[in-house]
Structure formats: C-alpha cells, structure tokens
Amino acid sequence: MKHIRNFCIIAHIDHGKSTLADRLLEYTQTISKRDEKAQLLDDMDLERERGITIKSHAIQMNYELDGQKYVLNLIDTPGHVDFSYEVSRSIAACEGALLIVDASQGIQAQTISNLYLALEQDLEIIPVLNKMDLPGAMPEEVKDQIVELIGCKREEIIPASGKSGMGVFDILRAIVERVPAPEGDPRGELQALIFDSVFNSFRGIIAYFKVVNGEIRKNDKVKFIATGKEYGADEVGILKLNQEPRDVIKTGDVGYIISGIKEAREVKVGDTITHVDRPSTTAIQGFEEVKPMVFAGIYPVDTDEFEELRESMHKLQLNDASIVFEPESSAALGFGFRCGFLGMLHMEIIQERLEREFDMTVITTVPNVSYKAYTTKGDEIIVNNPSDLPDPNKLEFVEEPFIKASIITKSEFVGPVMSLCIQKRGVIINQSYLTADRVELTFELPMGEIVFDFYDRLKTISKGYASFDYHQTGYKQSDLVRLDIRLNGEPVDALSSLIHRSNSYEFGKKICEKLRELIPRQQFEIIIQASIGAKIIARESVRALRKDVTAKCYGGDISRKRKLLEKQKKGKKRMRSVGNVEIPQSAFMAVLKLD
Amino acid sequence: MAGIYIHIPFCKKACHYCDFHFSTSLTYKAGMLDAIRKEIVLRKSYLRGEAVETIYLGGGTPSLLYAGELTQIIDTIGNTHTVSPTAEITIEANPDDLDPARVRALRATDVNRFSIGIQSFFEEDLRWMNRAHTAQEGEDALKRVLDAGFTNITTDLIYGFPQLSPEKWTANMEKTIGFGIPHISAYAMTVEPKTPLASFITRGKEAPMNDLQSARQFTELMNVLRSAGFEHYEISNFALPGKRSKHNSNYWNGVPYLGIGPSAHSYNGDSRQWNVANNAKYMSSIAEGAIPREIEVLTVSNRINEYLMTALRKIEGIDLDHVSAAFGTPYSRLIEADLRQFTGNNWIIKSGMRFTLTDEGKLFADHIASEIMVE
Ligand SMILES: Nc1nc2c(ncn2[C@@H]2O[C@H](COP(=O)(O)OP(=O)(O)OP(=O)(O)O)[C@@H](O)[C@H]2O)c(=O)[nH]1
Ligand code: SF4
Ligand SMILES: [Mg+2]
C-alpha cells in the first residue's frame, strides 16, 4: 500500500488533460508504440470526434523510481461543466490531483471549481503549467495566478507540455514524492467505494471501485450496502488499457468487479461494497445524486417507433446513469419521453447517441429547466414541461431555479459581461481581481436564462476570453408566463415555453421570426402566432410554396439536378406534421438560436 | 439508338448569368480540337456499336469554329461510329458568328439543325446579359439561316429577369414566331452560384429575380406559343409538329449518349460520367490517352428518380406501368401514393397509369419531383 499512488487529472476544458495522460502512459510504458494515438483514453467515438472527454477514465501504470516500484492509478476527467459530477466521483478515489493550467490561457472558471472539489476532499494538489511549447505561453504571469490561487510555492509548479513531453518525468516524480499513499486497514472489514460503472454488451455491468479498507478476492460473496443486494465476485481485476483479471485487489488499490449485475440501477455510483460474511456496518460517504438541469421532450419522428425508443433509452441509461426519462404525450407529437439532462452538451450527445447507436430518428423539443408551481389549494407541482403549468385561475405563483455563476474574464470585458448578465435578469454579488487585468465576477442568475445560449454569447462578447462555471442555489418566486405558439391557429404544445413576463414580447417576436425562417414553404400560407393565454403578441407568416419555374437542365448533366432534388427529399425525413403543417426538427429547437 | 455531344469550350465573352464551362481565350483552340478528335477515337466503344441518330455540337460556342474544323469533327465521328444517314446534327450558334460567309460555309457541312442563342431582341437586355451580339445581329442571323434554306431551327429565349416587362416578353415571343422559327427553348433566368450575376445580386448592384414575374411570364409563354400551334413537349421546350429536338428528347428518354470534350457528360444506361471541367487538364490527360473523368454508377433508386424527374417534365408524363415493368410494382405503388396529394390539388392529371403536369403544376415541377422520389 505504501507504493500505491491514486491521482486524477483535473483542469478547465481543453487545457490538455487527456494529452498529458497519453504522455504519462507512454513514459511509464503502459502503452506500446503500437497502441499510440492522440487522447487514447477518449475511447468513445463521440469523444474522439468532438475532441473532448465526456466520461472519466481510470487506468493503472507501473513506475520505478530510485529503484522502487510503484503502482500509479490515474483517472483522466472531463473539463466540460456538464460533466463536473464525473470529476467529483473521480476525486473520491484519489489522494492527489494534477491541476493542469494551460500556460497560454491561465486560470479559468473550471480550473477554480475543480480545484475546490479536490480541496474539499483534502487532495494533494500538484500544479502543472501545461502547453509550454505554445508561442503564446505566458509562464510567469500564469505562475503568479496559480500561486495566488492555491497558495503554493512558485517552484512547486511544474512546467510541462503534453505535446513535446517536457516535464513528464518531473510530474511522475512529484506524484510519487508528493501524493500520499492511501491509508486504510488491510485487515479491516472490506469497504470499497464504487466511483464509476460502465456497461459492456458482452460482459454486462462493470463497477469500478477503490478499496478503502480490507481486500476483495475473486469469488468472494459481496454486498452493496446502499442497495442491500448480494453478488458473487465473478471477476475482479485492475484497469490497464484493457481490464486485467487478478485474484485479489488490496487496500488502497483501484479495480473493477463483474458480478452478474443485470440492471444499471442496481449499481449506485457512490455505494460501498463489503463482504457478506464479514460486513462493514458503515458505508463510506458517497456522492450527491446527480440532478438533471435541463428537460426536453424526445419523440420519435415516426410515431410507430415509440416502443423502440423506450428500449433504446433504457439501453442508453445502462452506460449513462445520469439521464432520467419518463413517458409523456404531446398533442402535436404523440407519445415520447420527457428527459432530464445535465446540460445542453449532454442533451446533444444523447440525441446523437440515439441516432448513431440505435438508429432512431428523433425530435427534441424546446428544452427548459425545472419549475415549481404552487396552486391556490396549496399543492406544489414540479413543472418539467411548460404544458404542465396549471391554469392561471388555479395558479398561486411559480418559482424558478437560480444559480450562482462565476465568470472569469479580462478587465476590458467587464462592461459587456455585466450588461449581458443584467439582460439575463442577473444580479452581481461579487467582483474580485485575480490579477491586475483578470476579474472574477459572481452573479446570481435564473438558471432558465443561462442553460441555452448563454455561454456562446459570453464567449462572443469577450472574444473568447471568458470562462464560466455555475451551481444551483435554490428556487425563487418569479413572474413567469407560458408563451404558446400557434400554426394556422392550432396551438403546438411542443413549442410552448415558460418565460419571464418582462421578456415575453421580445421573445415572442423573435421566436416567430425564427420559425418563419425554419419552416419551409408549403402549398399554402402558414400563419405563425405567439400568444400568452388568449392574447396574440406576435405574428409572422410563411408564404406558400415558391413558384419555381424550373431552371435549364444543362446538356446531359442530369446527375446534378437529381442529386439536388434527392437531397431536398432527404431533408424531409426530419419533419413532423402537426395538423397539416410540416415542421422540421430544427424548428423545435428554434428558441436556442435566438439572438 | 444513341447520341453524341461535343463540347466546344470557347466563347467570345462571358455572359453574366452563365455557369457552363468555357474559356474566352482561343490560343489553344487547335490543340483542343485535336484532343476532342482523339477522345472520339479513344471512346469509340462507349456506345457499344449503337447507331448514332443525333450529334449535338454545343458549348461554349461551336459557331466560333470554321466549317472545316466542324467537318473534321463530324468526319472523325463518322469514321469511328455508325452514324445514321438521317442523323439530326445540331450546332449551337451565336448570332454574331453567323455572317453570310459562315452561314454559306455551314451549308456545305452535314449540319442540319441550328440552335441560335437569341435570348432577347432588345439591345438593353443583351447588354445587361453581357451577350456578344447586338439586337440587329440577332434578327439578321435568323433571317440569314432561314434564307440559306435551313428549316430545322430553334432559338433560346430567356424570361423572368427584372427589366423584361410583360410587353417586351410578348414582343420577343411574337417576333420569333413571326420569323417562322419552328422550335423555341425558353428558360427562366436562374441565378447560378459563382456567376457575375450572382455576385452583383449579393453586392446589391442588381435586384434578385422575382418568382412571381417568372411564373407570370411562363404562363404567358404557354398561352402564346400554344395558340401559335406549338406543342409544349417538355417544360422548357416548344415545337411545331415534327420539329421536336431529337437529341434532347433522347436525354429525357434515357437513350445512351457519349459526351466528348471538357465537362461533357456521358450516359450508357448503367452509369453517368463526366469529364473534368478544365481545358488544360483535359488536354494533357487526353494527350496521355486517359479520359479525365469521374463516374457515378446508378443505383436502382437513382435510375427511378431520374426517370421521374425527366418524365414529369415531358408532355407524356410519368408512366407507372413503365415503372412497374422496369423496376417492380412496390416502387410504382410508393410513387403512386406520393402522387396522390398532387392529383388532389390539381397539379397533376391522372389518366390510367399516366401522370402529367397541369399548367399550374408545371410551376412546381421541381418540388413535385423531389416529393415523389424514392430512397
Ligand atoms: N500546443 C499544445 N497543444 C496541446 C497540448 N496539450 C494538449 N494540446 C491540444 O489541446 C487540445 C485539447 O487537448 P485535450 O488533451 O483533449 O484536452 P482536455 O483537457 O483533455 O479536454 P477535455 O477533456 O475536453 O476537457 C487538443 O487540440 C490538443 O492537441 C500541449 O502541451 N501543447
Ligand atoms: S455564349 Fe453561351 S456558353 Fe458562352 S457564356 Fe454565353 S451563355 Fe455561356
Ligand atoms: Mg480530455
């Protein structure tokens, strides 16, 4: 146990965690040249395509320093705010963290929030100044920021580059010398903390754990404390590039267990594994349940595919326990599911995975946050779908969720950032200078105003020099109204949204304009109206189909025209008729693209 | 039965709306003509010995060539292919090239059909389009070709551009009819990407085309030409009895054709292919004996869609019995179901298993075609 080191890599998004992990794996010869590819641990197709980490990834390395052999368990974590729960789980399995800071960008919002997560768990922090190879690196300035932030000594910061390999041996030495070995009682009753679980279609559900006390052997009879379920440990092992079975996983080490678990729900990340025969009575403190932030309806484009969609959602949930869903129905779209997501990126990813992995074509409706409505009778109703809002005559008041947001930017952008937040009904609660020209602004904002396009707008107004982190603080009463959309007089429930009264006119106008752009011309004119209750507040129309006197068909070039028309036809696949109007998928997301 | 298309990639000047492949420099004309003749020889088996019923000299502007140069090309075809003695041989000609000597010289070749690029009889329209010819040259050319004894003539007219008033449009049609021209191809002005016209419009120098104006002038076109005895046999083409273009009809009927020259397209029943649209690349590749082409093998659905798209534009319309026989009844059933909405709103008339566009439907031909295409 003295020679085990458990550490994770944390940072703001894109500061180079996964690339540095590649180098560590390479310098410890955990991977051979043959396996090498960039961001090796990002093994999901989506991660590779988007170049971001979505899921934490644990892997074990062996390393010899000054004649002594060590086992290093590394966990690479995602930087995107939607997935910060992945970071907290990983941290719980570690005694140390590499805090990576991009030398050209300096400290950003998730650098700070992830650092605090690590400090809460008393992790030893090793600051790494990464991307030193970049011409835009500002080592001295960023070192100042780091010293200021964590109160370390300047010399403790390791200059490095995941590209060139600079500093990699220094990092390995620091891990051995500075990260404490895990503590625990090897002879104690078994307590192993489950920090992650994955689903493999061949092997079923696999739980990842860290042994805090005692040890776990193959064929042991084990019990999961929170669920109370008992299993045989069919296989235990360590996490190398592939899973490697072992007879025993000892105190302080990280490993995996396969035990014939059928349902993803049986494994609660944060649960404690113990022995059936010699159980520990206490569980290790687990994690807060991950709460979805954004809700949206997911409907099959083809109404016959509802059951297939249900099946696919269940399968998806096996390896992403953070999605929640329940059936709902919409007058416009038929049967589908109301789904909860961690954020917009998460929602996009789920939609993409449904399409790719399950070949489902789906429509996603306008996303919203979760509101609380109080009726005149005094009941509290959770409103995850605008159409669940009680009628005005039964409604006492509505509460909406608020967040505390931290925005780090350059001082020259303070003005625009302030006006953006104020426009979003935000209230500033703190402003502090991190260095002479870098400011951290703290706002209280309604969550409904920031989950959609806020970050994009923030980046635009600050020319990319702003980062953003938030957490939910609670609910507050708010003057919200339901804005409905009608097409040729028919209300389309899937296009309704809840919105603050002060913004409703402006919003109604913009959404009508956007829909006019997105709904293709049809054989008749389409009238688009926005209304609050019976009152129409905005109107637009889509002219009937263009009389398109067909263009010259050049000589024998029949292919070109055919391809053009075939493509038009393909675009139709994602349309859904509501009444007699065909609405493309993009229209349901129109609210997200208002500016 | 088969056709041959020859692309002559040269023009005097560039019309502002045009996105065909051509060069305005004639410096390597001789080299290009050599390459074209060489390609004809290289591809002598493409048509698998089918009799050549039509030859079409297009471009670009083939009337820039001397009669002798045209004869060399036609002879090369004759030496490599079985050309029917009654073959239709068309040349695209611009009025400014059709001086008396050139028309006389053409009389001595095998060319027996003219396609003359009139576009408009109004000087301001021709200047706006940046055409090479004047209004006077347009009229003179028609007269000269008729006087020389050619009877198979078609002219191109363009409508639907902002400065073409309804009166001018009617005048253009009547003048053409007045000359006794037996075939008219009329095109709505289309703004093709990467043309000068497109860039004028994006920069706000020119007004965009107006679809209602085009629709009105198209309707006027149908009325005027039909009352003058023309058959509206394809959406953009009108002919007096017996004067339809055989070459173009073959394109729309799925007859194989061999396309020679840069950017030319060919079709052999199974695949379509097209030569590189670049004169230098074309010539250097042909010099090495290689055809610089891209090829597309047609899937069943591609072939059905091509049939639907071209048949819909013709007076005969779509024949679902043909679709059943050639591709299977499941397809014809799918298409019939998709067609129902258009028989319902009177854009299409159904008679037996034949579906033809109504005048109103012709305004939405592209939309309808894409709606009924199969996957
Ligand atoms: N020049 C330079 N580029 C680097 C270095 N490390 C990473 N990058 C680049 O920075 C980008 C992000 O790298 P990743 O390793 O995926 O970053 P990450 O922190 O894992 O990102 P997330 O997991 O999505 O938060 C990639 O384009 C890398 O090629 C470095 O040391 N130098
Ligand atoms: S003459 Fe014909 S091919 Fe040449 S530029 Fe004009 S329209 Fe195009
Ligand atoms: Mg990563």
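**Note on the predicted two-chain model**

1. A:Lys131 counts as buried, because 25 C-beta neighbours sit inside 10 Å. The cut-offs are these: a residue is buried if 20 or more other C-beta atoms lie within 10 Å of its own, exposed if 12 or fewer, and partly exposed in between, with C-beta atoms placed from the backbone. A:Lys131 is in the loop between β5 (124-130) and α5 (139-150) of chain A. Helices (H or I, at least four residues) and strands (E, at least two) are DSSP runs, numbered from the N terminus. Leaving aside neighbours within four places in sequence, A:Lys131 is in contact with A:Gly16, A:Asp102, A:Ala103, A:Ser104, A:Ala137 and A:Ser161. Contact means C-beta atoms, placed from the backbone, within 7 Å.

2. How the model should be read. This is a predicted model, in which local features need pLDDT of at least 70 and side-chain atom pairs count only at pLDDT 80 or more, while totals for chains, interfaces and linings use all residues. Residues are numbered from 1 along each chain as its sequence is written, and chains are lettered from A and ligands numbered from 1 in the order in which they are written.

3. Confidence. The model scores ipTM 0.90 and pTM 0.68. pLDDT is the predictor's confidence in each residue, from 0 to 100. Chain B has a mean pLDDT of 95, and 100% of its residues reach 70 or more. Within chain B, helix α15 (residues 365-372) is lowest at a mean of 91, and helix α6 (residues 166-179) is highest at 98.

4. The annotated site. An unreviewed UniProt entry lists a "binding site" whose residues include A:Asp14, A:Lys17, A:Asn130, A:Lys131 and A:Asp133. UniProt positions follow the numbering used here, feature names are shortened, and annotations may be inferred rather than shown by experiment. A:Asp133 lies in the loop between β5 and α5 of chain A. A:Asp133 is partly exposed, because 15 other C-beta atoms lie within 10 Å. Beyond four places in sequence, A:Asp133 is in contact with A:Ser161, A:Lys163, A:Ser164 and A:Met166.

5. The six-stranded sheet. An open sheet in chain A has the order β2-β3-β1-β4-β5-β6, with mixed pairing. Its edge strands are β2 (57-65) and β6 (158-159), each pairing on one side only. Strands pair if DSSP finds at least two bridges between them. β2(A) and β3(A) (residues 68-76) pair in the antiparallel sense over nine bridges. There, A:Asn62 stands opposite A:Val71.

6. The β24-β25 hairpin. β24(A) (residues 427-435) is hardly covered: among its nine residues, the count of buried ones is zero. β24(A) pairs with β25(A) (residues 438-446) in the antiparallel sense over seven bridges. The two strands form a hairpin with two residues between them. A:Asn430 stands opposite A:Thr442.

7. Cores. A nonpolar core is a set of buried Ala, Val, Leu, Ile, Met, Phe, Trp, Tyr and Cys residues joined through C-beta atoms within 7 Å. The largest has 157 residues, of which A:Ala97, A:Leu99, A:Phe209 and A:Ile407 touch the most other members. Strand β8 (residues 204-213) of chain A gives the most to this core, with seven residues. Another core, of 95 residues, lies apart from it, and B:Ala87, B:Leu142, B:Ala311 and B:Val323 are among its members.

8. Chain A overall. Chain A has 14 helices and 33 strands. Of its 595 residues, 45% count as buried.

Key. Two residues are in contact if their C-beta atoms, placed from the backbone, lie within 7 Å.
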